[in-house]
Amino acid sequence: MRALRLQPGELTAKAIEGRVLTHDLGRDLRKGTVLTAAHLDRLRELPEIHVAELEARDVHEDEAGV
């Protein structure tokens with residue numbers, strides 16, 4: 001897993017697709033959310049976001065808890 005900090009100018013669909021939010025950003029975006037292009041407009045409202053980029057051997061926390 002690789003931790004990333006993204007700022008509004010870096011936010012594109014390609015930059016966020018499949019990455020995992022590492023902190024809550026309100027009721028609509030919770031820690032652990034796997035980001036998609038549909039989240040882009042909401043994320044651009046924020047000064048920065050912190051995400052995790054999962055590598056091939058990594059397992060999302062929801063899947064690991066099963």
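The model is predicted, so local features are reported only where pLDDT is at least 70 and side-chain atom pairs only at pLDDT 80 or more, whereas totals for chains, interfaces and linings use all residues. Residues are numbered from 1 along each chain as its sequence is written, and side-chain values use heavy atoms, with hydrogens and water left out.

The protein contains three helices and three strands, where helices (H or I, at least four residues) and strands (E, at least two) are DSSP runs numbered from the N terminus. Along the sequence these elements follow the pattern β-α-β-α-β-α. Of the 66 residues, 32% count as buried; here buried means under 20% relative accessible area, exposed over 50%, and partly exposed in between (1.4 Å probe, protein chains only). The accessible surface comes to about 4,500 Å², and carbon and sulfur atoms account for 50% of that area. These areas come from the Shrake-Rupley method with a 1.4 Å probe, and for residues only the protein chains shown count as cover. Among contacts (heavy atoms within 4.5 Å) between residues at least 6 apart in sequence, 56% join residues at least 24 apart.

Turning to the sheet, the three strands form an open arrangement in the order E1-E3-E2, with antiparallel pairing. Two strands pair if DSSP finds at least two bridges between them. The edge strands, each pairing on one side only, are E1 and strand E2 (20-21). Five bridges join E1 to E3, and leucine 4 stands opposite valine 51 of E3. E2 and E3 are connected over two bridges, with valine 20 partnered by alanine 52 in E3.

The largest nonpolar core has 13 residues; such a core is a set of buried Ala, Val, Leu, Ile, Met, Phe, Trp, Tyr and Cys residues joined through side-chain atoms within 4.5 Å. The members that touch the most others are Leu11, Ile16, Leu25, Leu35, Leu43, Ile49 and Val51. Strand E1 (2-6), helix H2 (40-43) and strand E3 (49-53) are the elements that give two or more residues to this core. Leaving aside residues up to four places away in sequence, leucine 25 touches Arg42, Leu43, Leu46 and Ile49. Threonine 33, in the loop between E2 and H2, counts as buried at 19% relative accessibility.

Finally, the structure holds six salt bridges, each defined as a side-chain nitrogen of Lys or Arg within 4 Å of a carboxyl oxygen of Asp or Glu. Glutamate 53 and arginine 2 meet in one of them, at 2.9 Å from N to O. This pair links strand E3 to strand E1 across 51 residues of the chain. Glutamate 53 is partly exposed at 24% relative accessibility, and arginine 2 is likewise partly exposed, at 42%. Glutamate 53 also forms a salt bridge with arginine 19, the closest N and O atoms being 2.6 Å apart. Arginine 19 lies in the loop between helix H1 (13-16) and E2, so this pair ties together parts that are 34 residues apart in sequence. Arginine 19 is buried, with a relative accessible area of 15%. Elsewhere, arginine 42 meets glutamate 45 at 3.6 Å, N to O, in a salt bridge. Salt bridges that share partners join Arg2, Arg19 and Glu53 into one network.
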